[in-house]
Amino acid sequence: MTVTTIVHVIRHGEVYNPGGILYGRLPGYKLSPLGEQMAKVTAQHLAGRDVTHLFVSPMERAQQTMEPFAEQFGLEPTVDDRLIEATNLFEGKPFGPGDGLWRHRKYWHYLRNPFRPSWGEPYAQQAERMFSIVSDARKAAAGHEAVCISHQSPIVILRRHLEKKTLWHDPRRRQCALASVTSVRFEDDEVAGVEYADPAAALIAQSKTAQTERGA
């Protein structure tokens, strides 16, 4: 008899980031009030599901996103470092269109290999650790469902790995909105499919920062 297990990988909600910097793994970046609403909406999106296990990144924004899930399902979360944000050498700096970093020669050597990428944690390493925790979540929740709360880049890389796509990609075309749900369905221990949902879309439309995200 085939055992079906689903692991929902959730991205955290909007972060309060008035300085508009790339915060990455920097401490102290927490959800905005709108981000807290996003977390609640996404938890409600999974209401009634057979969620028996909850795993979360150690970052503050992920911990806050986790709270409505823990309350809704009555679960004690497990903090797992494999769900953490990817490292990035540009942490603490504004980084995006018009920010000027691309014009400074001192940064160019960090950008020499976008396929790896050379400015942070290799994509292959992100894929390996994310698939490892999702596989462990599948084992823990066998025959039921689990929730893992993480960050944009690791989630995108996990999905591309599962869908057998190249890990390098255009960050502007990522499908991993704030508080989104990437659900991995297993049949026994084999990946049988990946689905995506964006339950906080209406709240994202109200966000002034969603179009210029600097963290993930």
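Keep in mind that the model is predicted. The count of salt bridges comes to nine, and a handful of them get a closer look below. One set of residues, R25, E121 and R129, joins up into a network.

**The network**
- R25, E121 and R129 are tied together by salt bridges.
- Within that trio, the side chains of E121 and R129 pair up with an N to O distance of 2.8 Å.
- Both E121 and R129 are buried.

**The D80 and R82 pair**
- D80 and R82 meet through their side chains in a salt bridge, at 2.8 Å from N to O.
- D80 has a relative accessibility of 13%, so it falls under the 20% cut-off and counts as buried.
- R82 comes in at 23% relative accessibility, which makes it partly exposed.
- Put together, this salt bridge links a buried aspartate, D80, to a partly exposed arginine, R82.

**The R185 and E187 pair**
- R185 and E187 form a salt bridge as well, and their closest N and O atoms sit 2.8 Å apart.
- E187 has a relative accessible area of 23%, so it's classed as partly exposed.

Note on methods: Residues numbered from 1 in each chain as written. Predicted model: local features only at pLDDT ≥ 70, side-chain atom pairs only at ≥ 80, totals over all residues. Heavy atoms only, no water. Salt bridge = Lys/Arg side-chain N within 4 Å of Asp/Glu carboxyl O. Buried < 20%, exposed > 50% of the residue type's maximum accessible area, 1.4 Å probe, protein only.
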